[in-house]
Amino acid sequence: MELPRELPGLLTIVVSAVLFFFCSRRQAAFANVLCAVGILFIGLFSPTFSIMLVWLFIFSIGQHLFIPMNQTIGMELAVEGKTGKRLGQLSALANVAMIIGSFTIFIGFKYFNLNFKISYIAAFLGFITVAILIFMMKKNEPVPMKTKFQLRREYKLFYWLNILYGTRKQIFLTFAPWVLVTVFQQKTQVLATLLAIGGMIGIFFRPMLGRAIDRLGERFILASEAIILIFVCLGYGFARYIFPETTALFVVFACYIIDQVVIAVTMARATYLQKIAIVPEDVAQTLTMGVSIDHVFSIFVAVCGGFVWIQWGYQYIFLAGAVIAAINFISTLQIRTKGQSG
């Protein structure tokens, strides 16, 4: 299932180029229509696994296309100098919605005989509502197709940070849960609880993070994240060899929550790009290119990481993650924005 789910991430820049006649807000609306169609067909018209994968592919195209558009629109709606604050507010609201949705699903399935078909219909209505609301926003100018596939030398550090982010993201999404499930023998509800705790913290942390980006700058925030991730990766990989079993388990719990919370730092890369953009039109295109680039490496890491786990053990995946975090730290020190010298 990983290929049809993640392949659209690689194709994001291609899909965006095909939709060159749409501005960022129209693309965002269309992305939510794709999500709506995909999720509805998954729930209602999936008689076989293979057919379900087709609908999953469509849903994932919309989901990945919306990621850069979401950040772009958020920055367009921000007051100058307060971009981080606005992205933090929007990210916190998304966290609130996720918690409400998760709680509704939990209560519905446990007490009110909610089923998957009704859940998918509700998700369809949610995506359609978002599409309509974004479509009602004032249009902006579309980016010409000839600029869609441009890789500018001026943005090489941004591209490199996205490569490092793609590897870091996949380690968290794929291998961190497996440490809890296969190494520490934890059940699904434990992961759900950790996700809920991280989500609750994120409601308050993400607006604070947004304001910190505006005040302290992207270099400080991204460098701080890299340092934190070094210790998080070492905790995942070696807590069991350093601490007693119970202590090690709680160390990994803490790592999982911290990892989930600091992933919001991705907004600092978006604000960094906005500050160094040669022209404003480059922001949406380059964010989209960034999504495609990070997916190339995240899929590669998933495959290689699985091989490393089987051959040598899970701890070496996280040792590699700590090395990547150290490289990320060195790389973030190269960040320069207007008004920020060495």
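## Exercise 1: Aromatic rings

Phe41, Phe45 and Trp55 together make one aromatic cluster. Before going on, note that this is a predicted model, where local features need pLDDT of at least 70, side-chain atom pairs count only at pLDDT 80 or more, and totals for chains, interfaces and linings use all residues. Residues are numbered from 1 along each chain as its sequence is written, and side-chain values use heavy atoms, with hydrogens and water left out.

Task: How many aromatic pairs are there, and what are the centre distance and plane angle for Phe22 and Phe30?

Solution. 
- Step 1. Start with the rule: rings of Phe, Tyr and Trp (its six-membered ring) pair if their centres lie within 6.5 Å; planes under 30 degrees apart are stacked, over 60 edge-to-face, and the rest tilted.
- Step 2. Applying this rule gives 13 aromatic pairs.
- Step 3. In one of them, Phe22 and Phe30 sit 6.1 Å apart centre to centre with 50° between the planes, a tilted pair.

## Exercise 2: Two helices

Task: At what angle do the axes of helix 8 and helix 10 cross, and which residues make the contact?

Solution. 
- Step 1. Helices (H or I, at least four residues) are DSSP runs, numbered from the N terminus. Axes are lines fitted to C-alpha atoms over the stretch in contact, and angles run from 0 to 180 degrees between N-to-C directions.
- Step 2. Helix 8 (residues 188-216) and helix 10 (residues 245-262) have axes that come within 9 Å and cross at roughly 45°.
- Step 3. The contact (heavy atoms within 4.5 Å) includes Leu191, Leu194 and Phe205 of helix 8, and Phe253 and Tyr256 of helix 10.

## Exercise 3: Positive phi

Task: Where does Asn113 lie, and is Asn113 buried or exposed?

Solution. 
- Step 1. Asn113 has a positive phi of about 55° although it is not a glycine.
- Step 2. Asn113 is found in the loop between helix 5 (83-111) and helix 6 (116-135).
- Step 3. With a relative accessible area of 72%, Asn113 is exposed.

Key. Buried < 20%, exposed > 50% of the residue type's maximum accessible area, 1.4 Å probe, protein only.
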